[in-house]
Structures are given as structure tokens and as C-alpha cells.
Amino acid sequence: MTDILAGYFQDRPVAGLLLGLALVVFGVIGVRLSVVDFRSHLLPNRIVFPAYPLTGVLLGSAALLASDAGRTLTMVGGAAVLWLAYFLLRVVYPAGMGFGDVKLAGWLGLYLGFVGWGQLLWGTFAAFGLGALWGLVLILSRRGTLKSAIPFGPFMIAGAALVLAVPSLG
């Protein structure tokens with residue numbers, strides 16, 4: 001996303017400002033959700049639901065002001081695809097994934113879809129990879145077992161952040 005941000009700022013400063021603000025929103029909401037999820041294993045609707053329209057307006061407006069309307073389609077498509085993928089995981093194995101993760105996936109899909117389909121895929125892989133590493137650390141440190149529940153939201157957010165920060169991924 002950093003390469004898109006630079007291009008938007010260079011060509012259309014207002015679009016760049018909106019995109020930068022969308023990234024600040026990602027950081028603030030992402031950190032807040034991660035803290036809450038680590039503490040309580042919950043991703044509250046009062047935080048996740050308002051994030052959708054706020055993010056959609058910021059990213060969508062940035063794309064439209066930069067004459068890059070195709071990004072709005074991939075943004076919405078990314079949200080739908082990621083929400084559906086996590087929903088199916090929830091249906092197949094309800095004990096393995098909470099519905100808060102499904103709702104969070106849609107929000108993260110807005111960002112990842114905005115930058116591209118490859119980033120959507122890599123952001124999803126990164127989330128599962130980071131979560132698996134955390135589980136391994138818990139097992140090796142004897143603080144957890146294969147049956148231990150871990151909050152997955154922070155790893156979803158970290159995976160998306162990693163992909164958004166590293167333009168070469170995807």
C-alpha cells in the first residue's frame with residue numbers, strides 16, 4: 001500500500017491524504033481490536049461494525065479522487081471474498097473460529113482487496129502462518145497445548161499489516 005500511497009500523494013494529494021487517513025484508521029482500530037481480543041477472545045461489534053463504512057468511504061473516496069475506480073471494485077470484492085472464506089471455515093469447524101473473526105475478515109478484506117488480489121491471498125496466508133507460529137511458541141514453552149484456544153484476530157490484523165507495509169508481497 002505504501003507504493004499506492006506515494007503515487008496518490010504525487011498525483012492527487014487529497015486522495016493521498018484520504019488513503020493515509022485510512023491507514024491511520026487501520027492502525028488505531030487494529031491495535032484496539034488486538035488488545036481486546038488478546039484479553040477477552042472477543043472482537044466487539046461496537047468496534048468492528050463502524051470500521052466498515054469508515055474504511056469504505058476513505059478508501060473508496062481516495063480511489064475515486066485518484067481516478068482509480070477499479071480499486072473500489074476489488075476493495076468490495078476483497079471484503080466479500082475474505083468474509084465468505086472465513087464464514088465457510090466457521091461453518092466447517094465452529095470450534096476453531098469465532099464469528100468475530102469472520103466479521104473482522106470482511107473489514108481486512110477492504111484493505112487487502114484495495115491493494116490487490118495477490119495481497120488478499122498473502123495477507124490471509126500470513127495470518128494463519130503467524131497464528132501457527134504463536135501456537136508453536138505456546139506449545140514449546142509449555143504454556144499451551146494443541147487444544148488451547150488462541151485469539152486469532154491479532155494475527156489476522158498483523159498478517160494484513162505485513163502485506164500492506166511490504167509492497168513486494170502479492
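This is a predicted model: local features need pLDDT of at least 70, side-chain atom pairs count only at pLDDT 80 or more; totals for chains, interfaces and linings use all residues.
Most residues other than glycine have a negative phi. Ser67 is also exposed, with a relative accessible area of 58%, a value that lies over the 50% at which a residue is counted as exposed.

A second residue can be read alongside this one. Arg142, which is not a glycine, has a positive phi of about 60°, and it belongs to the loop between α6 and α7. For Arg142 the relative accessible area is 77%, and this residue is therefore exposed.

Two packed helices are described by the angle between their axes and the distance between the axes. For helix α3, which covers residues 45–65, and helix α4, the angle is about 150° and the axes are 8 Å apart. Because angles over 145 degrees count as roughly antiparallel, α3 and α4 are described as roughly antiparallel to each other. On the α3 side the contact is made by Tyr52, Gly56, Leu59, Gly60, Ala63 and Leu64, and these meet Arg71, Thr72, Met75 and Trp83 in α4. Sorted by class, the residues in this contact comprise six nonpolar, three polar and one charged.

Is Lys103 buried or exposed? Its relative accessible area is 13%, so Lys103 is buried, the limit for that description being under 20%. When residues up to four places away in sequence are not counted, Lys103 touches Asn45, Val48, Phe49, Tyr52 and Trp83. Val137 lies 34 residues from Lys103 along the chain, and the C-alpha atoms of the two are separated by 27 Å.

The structure holds one cavity of 30 Å³ or more, and about 50 Å³ of space lies in the largest cavity. The residues that line the largest cavity are Leu82, Tyr86, Leu108, Leu112, Gly123, Thr124, Ala127, Met156 and Ala160. Helices α4 (70–92), α5, α6 and α7 (153–165) each supply at least two residues of this lining, and α6 gives the most, with three residues. By class, the lining of the largest cavity holds seven nonpolar and two polar residues, with no charged residue among them.

Helices α5 (99–115) and α6 (117–140) each contribute at least two residues to the lining of the largest pocket. Which helix gives the most to the lining of the largest pocket? Helix α6 does, with four residues. The pocket lining divides into 15 nonpolar, seven polar and three charged residues.

Terms used:
Residues are numbered from 1 along each chain as its sequence is written. Side-chain values use heavy atoms; hydrogens and water are left out. Ala, Val, Leu, Ile, Met, Phe, Trp, Tyr, Cys and Pro count as nonpolar, Asp, Glu, Lys and Arg as charged, and the others, Gly among them, as polar. On a 1 Å grid over the protein atoms alone, a cavity is a set of points where a 1.4 Å probe fits but cannot get out, and a pocket is an open set with protein on both sides within 12 Å along at least five of seven lines; lining residues have an atom within 4 Å of a point. Grid points are joined across faces, edges and corners, and a volume is the space filled by probe spheres set on the points. Axes are lines fitted to C-alpha atoms, for helices over the stretch in contact, and angles run from 0 to 180 degrees between N-to-C directions. Angles under 35 degrees count as roughly parallel, over 145 as roughly antiparallel, 65 to 115 as roughly perpendicular and the rest as oblique. Contact means heavy atoms within 4.5 Å. Buried means under 20% relative accessible area, exposed over 50%, partly exposed in between (1.4 Å probe, protein chains only).
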